[in-house]
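Open the model in your viewer and keep the selection panel at hand. This tour tells you what to select next and what is there.

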Amino acid sequence: MGHFPNLIVDLALILGAAAVTTLIFKALKQPLVLGYLIAGILVGPYFHLFPTVREEGNIKVWSEIGVIFLLFSLGLEFSFKKLMKVGGSAGITAVVEVAVMLGFGYVAGQFLGWSTMDSIFLGGVLSVSSTTIIIRAFEELGVKGQQFAGLVFGILVVEDLIAIVLLVLLSTLAVSQQFAGTEMLMAVVKLVFFLVLWFIGGIFFIPTLLKKTKKLMGDETLLVTSIALCLLMVVLAVKVGFSPALGAFIMGSILAETTQAEKIEHLVKSVKDLFGAIFFVSIGMLIDPEMLQVYIVPVVIITLLTVFGKTFSTTLGAVISGQPLKTSVKAGMSLAQIGEFSFIIAILGRDLKVTSDFLYPIAVAVSAVTTFTTPYMIKVADPFYNWLDKYIPQQWKSSLDRYSSGAQTISQASDWQVLFKGYVLNAVVFSVIVIALGSLSNIYVLPFIDDLIGDKWGKIVTAALTFLFMLPFLWALAVRQIQPKAFANLWTQNRYKGPLTLFRTARIALAVFLVGFMLDRFFSIAVALTATVLISGILLLLNQKIQTFYDRLEARFLSNYNARETAEAARRPVLAPWDAHLAAFHVHADWDGVGKTLEQLGLREKYGVNIAVIERGERLIPIPPKSERLFPGDRLQVIGTDQQIEAFRHFIEHHEPHPQFSRSQVQLRRYEVLDGSGINGKSIRESGIREMAHSMVVGVERGEERILNPISDMRLETGDVVWIVGDPRRTSALFRVKGEKPKA
């Protein structure tokens, strides 16, 4: 036998350790993530009782793939539309939380006597919560359907975006030993540029691709295609200087707008779970128990600071953003941990050799402890809020309620606000598209055409092709009507005609500037100016044709962007009463409600919820009647408040253990109905043969008459011979005469 790759041996060791520890932690009802970390310690280089992983570099690659799939799955669950609904609150909360924790971390580092760089990097480590840990905790606790969970996920995404900027800032700070505001500003501009470009391009092309190839897309092909798109975006993100995690999240968010998002999410789940386990085990492998013994005091201090500091700062930020106190407290207690980006920041300081060796293992240890505490923090959030509510002065509560309701009141935006927002969005989007087309043409198209036809004509042909593709977007930037109703309302007032004319002139000037800027990369200034005038004339002459072509592009984009929403709206009614919301549940085969009608279940009376839609395979049953029965595999869209849905969740996920039978216990037997037996004179339904004995009547002999599969209303009489399939021990008890002792 040839040489066996160490990677396979290491992978077997990692997954074996993960399987054993997670089985133990599952039995103990502890977070599985903590089990993975402990598995990593056991197979890591610092623990010699068990076999040790041989090639840590390969495992690092697998763990990076794990982060990619974790963020890809998160993007699939929370599309841009859902994030924008909590964008304002999430953004404000995340900024407040990050700012407060940066300060707390720096002060804690100085208090412990650490260097300035160690203290700054500690602040960075503490400022970002763990997306993965929270996802796992929410799934295990079943709270993903609650309203505060949407705010938490929005905060996590904003935190991840801030973390990317923070990585750039800390890298610059580590190298130059001083704050570089210009570099940070450029990093933010660059991030916005690529986010807009990727989102627009992805929404325009990818849903169309999936729609055109839907008939060819089996489960296997769809899985391969989705992963390929994810990894392609990861490569693009890394090429332009961002993290792989951001690229994976962006692609997940783009695919979340397609009609096949749920199917993709289901297909990717197993892959995500596998690589996620490897990621957490690899993190545990880097923990040095001996170093933790030396730095046990800092670990305890920083852990307490993380739990209480992040709870306080997140709650404060959420309250400032206008969220109710209860939602703010639950969000704050959910985010009281550190995770993936914290590891990346700690590794950055170690690799740049600007932080001490102890910072990374301390960060991992704090993460392990806070991973353990996170589910308990989420569980005690409601009791803690109830306790807090008792001791807050009534005047404070009234002020908070007024502030929250005022902040969440939907106010009618003025025409100026609507128009200004439209102008800014229009300028940003189409400027990004024009600059991207010009840059791609200059970098990739020009060298290719130069090789074909020479340098002189190559520039002319490339410039002509580039601006042919740019024309609809230049027209949209300079000429397209924006918010025509608001514009018309303002134009009727003479005092606004001057500012409105200035706005329109600024749009045209921006388009002309971009044309000149792009042409200057191909030709001299004189030629660029001449060509700019020529292109401006073409825009005016072909205004109608360009508008028609642009309208077709915009219609396709909006169709793709709204495809999933349109499909869901067609399938189920729009319900949004007060603080109620929709949550999805699956009907499992061993649930007690299977086979019962909605009237028999009495869900509205018992739990206060209503079933809006039953999805049964490809069939949809909106507003089901009370006579509708529930079957295994049904997907229920349930509407209710957080408390009502939580009560219903406990009911639908409670499975009574059904009796287990061996082959020898399920037999066909004949029984005679005797005078004085418990079932004499009762119907088959009333006898309890099915419910009590878990058996079934398949035939009855009455004199010379034989009845196969009798109806349940048939009454059993003295002398009847009943043929029954089931457990003979249970069935015999029903046919026994009262007072008769059971046979041995």
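A salt bridge here is a side-chain nitrogen of Lys or Arg within 4 Å of a carboxyl oxygen of Asp or Glu. This is a predicted model: local features need pLDDT of at least 70, side-chain atom pairs count only at pLDDT 80 or more, and totals for chains, interfaces and linings use all residues. Residues are numbered from 1 along each chain as its sequence is written, and side-chain values use heavy atoms, with hydrogens and water left out.

**Stop 1**

Select Arg 702 and Asp 720. Their side chains form a salt bridge, 2.7 Å from N to O. Arg 702 sits in strand 6 (residues 696-702), and Asp 720 in the loop between strand 7 (705-708) and strand 8 (721-726), so the pair ties together parts 18 residues apart in sequence. Helices (H or I, at least four residues) and strands (E, at least two) are DSSP runs, numbered from the N terminus.

Is Asp 720 buried or exposed? Asp 720 is buried, at 2% relative accessibility. Arg 702 is partly exposed, at 24%. The cut-offs: buried is under 20% relative accessible area, exposed is over 50%, and partly exposed lies in between (1.4 Å probe, protein chains only).

**Stop 2: the sheet around it**

The four strands form an open sheet in the order 5-8-6-7, with antiparallel pairing. Strands pair if DSSP finds at least two bridges between them. Strand 5 (667-672) and strand 7 are the edges, each pairing on one side only. On average, neighbouring strands of this sheet are turned by 20° against each other, direction ignored.

How many bridges join strand 6 to strand 8? There are five, and the two strands run antiparallel. Pick Gly 699: its bridge partner in strand 8 is Trp 723.

Next, select helix 31 (residues 728-735). Helix 31 lies across strand 5 and strand 8, at about 10° to strand 5. Axes are lines fitted to C-alpha atoms, for helices over the stretch in contact, and angles run from 0 to 180 degrees between N-to-C directions.

**Stop 3: two crossing helices**

Move to helix 1 (residues 6-27) and helix 12 (residues 261-285). Their axes come within 10 Å and cross at roughly 95°. That makes helix 1 roughly perpendicular to helix 12 (the term covers 65 to 115 degrees). Select Leu 11, Ile 14, Leu 15 and Ala 18 of helix 1, then Leu 274, Ile 278, Val 281 and Met 285 of helix 12: these make the contact (heavy atoms within 4.5 Å). By class, the contact has eight nonpolar, no polar and no charged residues. Ala, Val, Leu, Ile, Met, Phe, Trp, Tyr, Cys and Pro count as nonpolar, Asp, Glu, Lys and Arg as charged, and the others, Gly among them, as polar.

**Stop 4**

The salt bridge count comes to twelve. Select Lys 269, Lys 272 and Asp 273, which are linked in a network of salt bridges. Asp 273 and Lys 272 meet at 4.0 Å, N to O. Lys 272 is buried at 6%, whereas Asp 273 is partly exposed at 27%.

Then select Lys 330 and Asp 382, a salt bridge of 3.6 Å, N to O. The pair links distant parts of the chain: helix 15 (residues 325-334) and helix 18 (residues 381-391), with the two residues 52 apart.

**Stop 5: a buried loop residue**

Finish at Glu 628, in the loop between strand 3 (619-622) and strand 4 (635-640). Glu 628 is buried, at 15% relative accessible area. Beyond neighbours within four places in sequence, Glu 628 has contacts including Lys 596 and Arg 616.

Terms used. Parallel < 35°, antiparallel > 145°, perpendicular 65-115°, else oblique.
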